[in-house]
Amino acid sequence: MDETRLKQVLAGIFDIDVETIDETTSINTVKEWDSLRHLYLILALEAEYDITLTEEQTIEILSYPLIKAVVQEKAGGL
Amino acid sequence: MLTRLIGLIAAQNPLQAKRINTFVKQQDADYQAFAEELLSFFQSEQELAEAACAYNRVCMELLCEQIQFYKTGVYSLKGVPEDTRYYTIGLLLSYLFWPNHYKMFCFFKEHLDSINIKRCLEVGVGHGLFASEVVQHFPNSSVILVDSSGTSIQVAKEMLNCPQARFIHSDYLTAPLEDRFDFIIMGEVLEHVSDVVGFLKRTHQLLQPDGTIFLSTCANCPAIDHVYHFHTIDEIRGLIQDTDLSIVRELVLPAEDIPEDKWQEELVTINYCAILERG
């Protein structure tokens with residue numbers, strides 16, 4: 001599975017290197033992951049994959065694996 | 001108690017916990033005292049757990065409103081559910097956990113230190129935190145609280161626990177208020193009503209000639225129960241001046257660290273509070 005596209009979305013929002021994003025990436029490991037950037041992340045994911053997240057999903061996607069799972073479920077792939 | 005509450009919030013919402021911990025770590029002893037006093041309102045572990053749930057629910061709703069606002073540029077006008085107790089409790093905790101709300105509360109307390117109050121009116125009681133501070137500063141003052149929400153009045157009654165406070169469950173514009181007041185609190189009210197000018201005019205009428213008003217509101221601040229959309233702080237200032245009120249001092253607080261020339265373009269939420277007097 002090519003995850004580069006998803007990682008590029010995250011890297012753009014948090015202003016970090018794509019290479020640093022992996023399965024351990026989360027709100028606890030990314031200092032720049034604050035409320036405003038989380039909001040921007042949701043907007044970016046919805047625009048990039050043409051999806052709409054549920055209320056619960058908007059506060060659940062706090063790690064790379066969870067984001068990947070939600071995008072796969074909603075968009076049917078990355 | 002503060003640590004326990006943050007732990008309960010963190011268990012459900014790590015994003016909020018990260019934000020709260022960053023803020024709380026920067027605060028001083030006065031904040032800790034304020035926190036303990038506010039949290040004494042919750043008298044059991046169960047009430048504290050319910051408060052954490054209420055706070056998280058309000059934050060989740062707010063995030064969803066912000067998402068919609070960024071997409072559309074307008075408020076959703078969704079409205080609050082019938083049982084608004086969770087919402088009132090969540091907003092009460094916002095004065096503990098949201099930097100701008102805490103700064104506005106400190107601004108309010110500083111004003112209380114500079115005046116004397118005999119007759120106080122609070123318009124749109126909400127949770128009663130501000131009136132509670134007036135009662136503590138001026139135990140002999142008479143305090144009247146008006147709100148159209150029965151739930152808000154009930155929460156404020158519990159918060160104040162004050163026999164001399166009189167509660168009026170009514171729309172403010174038609175509430176039976178005859179005498180004038182030397183201090184009027186109108187915190188986070190204007191954005192909830194459509195007749196903003198009517199609210200300001202009535203407040204002007206009810207203010208004694210040498211009295212003061214504490215007003216707080218916000219621009220570009222979507223929430224499920226926000227009706228009136230101020231786009232800029234100048235819109236708020238303009239309405240104040242149009243009502244023949246003047247601004248004694250004010251506080252303008254952007255919710256994010258973004259330069260002022262980008263506030264409108266980026267739809268940044270701006271909190272605003274001011275001390276007003278007759279113009």
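The legends below accompany close-up views of a predicted model.

**View 1. The contact between chain A and chain B.** Twelve residues of chain B and twelve residues of chain A take part in this contact. On the side of chain B that touches chain A, α2 (14-25) and α4 (45-72) of chain B each contribute at least two residues, and α4(B) gives the most, with six residues. Sorted by class, that side of chain B consists of seven nonpolar, two polar and three charged residues.

**View 2. The crossing of α4(B) and α5(B).** The axis of α4(B) and that of helix α5 (residues 85-97) of chain B come within 8 Å, and they cross at roughly 85°. An angle from 65 to 115 degrees counts as roughly perpendicular, and α4(B) and α5(B) are therefore roughly perpendicular to each other. From α4(B), the residues that make the contact are B:Ala51, B:Ala54, B:Tyr55, B:Arg57 and B:Val58, while α5(B) brings B:Tyr86, B:Tyr87, B:Ile89, B:Gly90, B:Leu91 and B:Leu93. Taken by class, the residues of this contact of α4(B) with α5(B) are nine nonpolar, one polar and one charged.

**View 3. Domain 1 and domain 2 of chain B.** The domain assignment divides chain B into domain 1 (2-92) and domain 2 (99-278), and the centres of these domains, taken over C-alpha atoms, are separated by 20 Å. Their contact involves 22 residues from domain 1 of chain B and 17 residues from domain 2 of chain B. On the side of domain 1 that touches domain 2, α4 and α5 of chain B each supply at least two residues, with α4(B) giving the most, at seven residues. That side of domain 1 of chain B is made up of eleven nonpolar, seven polar and four charged residues.

View 4. The largest nonpolar core has 81 residues, of which B:Ala131, B:Leu145 and B:Ile184 touch the most other members. Among the elements that supply this core, α5(B) gives the most, with nine residues, and the core draws at least three residues from each of domain 1 (2-92) and domain 2 (99-278) of chain B. When neighbours within four places in sequence are left aside, the contacts of B:Ala131 are B:Glu122, B:Val125, B:Val143, B:Leu145, B:Ala156, B:Leu160, B:Ala165 and B:Ile185. A second, separate core has 16 residues, including A:Val30, A:Leu45, A:Leu53 and A:Ile67.

View 5. B:Asp244 is not a glycine, yet its phi is positive, at about 60°; the residue lies in the loop between α10 (233-242) and β6 (245-254) of chain B. A residue is exposed if 12 or fewer other C-beta atoms lie within 10 Å of its own, and B:Asp244, with 11 C-beta neighbours inside 10 Å, therefore counts as exposed. B:Leu267, likewise a residue other than glycine, has a positive phi near 55°, and its place is in the loop between β6 and β7 (270-278) of chain B. Because B:Leu267 has 16 other C-beta atoms within 10 Å, this residue is partly exposed.

**View 6. The surroundings of B:Phe230.** B:Phe230 belongs to the loop between β5 (207-219) and α10 of chain B. Burial requires 20 or more other C-beta atoms within 10 Å, so B:Phe230, which has 21 C-beta neighbours inside 10 Å, counts as buried. Apart from neighbours within four places in sequence, B:Phe230 is in contact with B:Glu191, B:Thr217, B:Ala219, B:Glu235 and B:Ile236. B:Ala51, one of the α4(B) residues in the contact with α5(B), is 179 residues from B:Phe230 along the chain, and the C-alpha atoms of the two are separated by 30 Å.

**View 7. B:Lys78 in the loop between α4 and α5 of chain B.** B:Lys78 is placed in the loop between α4 and α5 of chain B, and this residue is partly exposed because 15 other C-beta atoms lie within 10 Å. Between B:Lys78 and B:Gln154, which are 76 residues apart along the chain, the C-alpha separation is 23 Å.

Conventions:
Residues numbered from 1 in each chain as written. Chains lettered and ligands numbered in written order. Predicted model: local features only at pLDDT ≥ 70, side-chain atom pairs only at ≥ 80, totals over all residues. Contact = placed C-beta atoms within 7 Å. Helix = DSSP H or I, 4+ residues; strand = E, 2+ residues; numbered from the N terminus. Nonpolar A, V, L, I, M, F, W, Y, C, P; charged D, E, K, R; others polar. Axes fitted to C-alpha atoms, helices over the stretch in contact; angles between N-to-C directions. Parallel < 35°, antiparallel > 145°, perpendicular 65-115°, else oblique. Core = buried A, V, L, I, M, F, W, Y, C linked by C-beta atoms within 7 Å. Domains from an automatic or database assignment.
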